[in-house]
Amino acid sequence: MTSSSSYSTDQLVELSTVAASVTAAVLVLSTWRTTGLTVLFSYHPIFMSIAFLVMFTRGIQIGWRARDTDGTARVGALTNHMTTQVAGVACASVGFAVIYLNKYINGKDHFTSLHGKLGLLTMLLTSAVAALGYCGFKKHSPLPAHLHSSAKFFHRGLGASTWVLSLVTIVVVLPHKAVVTGLLARAAQAGVMGVGVLTLMWLRERGSGSKGGGSIVDFTLVPRERSY
């Protein structure tokens, strides 16, 4: 990778990180101001914003950069990736449990709206991605060694797809009277879409110049990964 390409990639990472953090802050603070922390529902958008905009975006960055490392550095990077994603799954689980409990308490049906259906699908796929990640990490995997690379293969592809789906799920629910409305809601939508575009641009740039090469989500089985 040339220095100019590296600079471009670094800029995309910085922009996507800023966009994710600012957008999440807007959604969290707006929910806090509109609904307050004494209302059960408020914890749904708060925890989901932290999970999918902050934790999972960061986790993708860490995981993708790990492809340029080897040995103990690679294991350390993948461990960091796993820790970040586990924290994201924990936040998402709280957000999911909150909205389910809130609907139950208020006697409302579950998963009837487009947002609800996409949200359910996102959570199911998130669980599958986490399981594949666990199975692909030799240190923890219950699978035989020859299946580790296959688990990583599906983990990467499904992980990227699920993350994009999560952004779509956020966009379709805005504006929401209990979260954010008006121009601020449109700005939040733009921010979410911006995070997606910038991150995918970065992944494509990394894919074209890193050791692993290949496409955005690296649909290849890299032999060196079987050792970790």
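## Burial and the basis of the model

A residue is called buried when its relative accessible area is under 20%, exposed when it is over 50%, and partly exposed in between (1.4 Å probe, protein chains only). By that rule Phe52, with a relative accessible area of 5%, is buried.

The model is predicted, so that local features need pLDDT of at least 70 and side-chain atom pairs count only at pLDDT 80 or more, while totals for chains, interfaces and linings use all residues. Residues are numbered from 1 along each chain as its sequence is written, and side-chain values use heavy atoms, with hydrogens and water left out.

## Aromatic pairs

Rings of Phe, Tyr and Trp (its six-membered ring) pair if their centres lie within 6.5 Å, and planes under 30 degrees apart count as stacked, over 60 as edge-to-face and the rest as tilted. The count by this rule is 6 aromatic pairs. In one of them, Phe52 and Phe56 are tilted, at 5.0 Å centre to centre with 55° between the planes. Both residues lie in helix H2 (residues 43-65), 4 residues apart, about one turn of the helix; helices are DSSP runs (H or I, at least four residues) numbered from the N terminus. Phe56 is also buried, at 7% relative accessible area.

The pair of Phe153 and Phe154 is edge-to-face, because the ring centres are 4.8 Å apart and the planes stand at 80°. Phe153 counts as partly exposed, at 21% relative accessibility. Elsewhere, ring pairs link Phe96, Tyr100 and Phe111 into a cluster.

## Asn102 in helix H3

Asn102 lies in helix H3 (residues 71-105) and counts as buried at 16% relative accessibility. Leaving aside neighbours within four places in sequence, Asn102 is in contact with Leu40 and Phe41, where contact means heavy atoms within 4.5 Å.

Terms used
Helix = DSSP H or I, 4+ residues; strand = E, 2+ residues; numbered from the N terminus.
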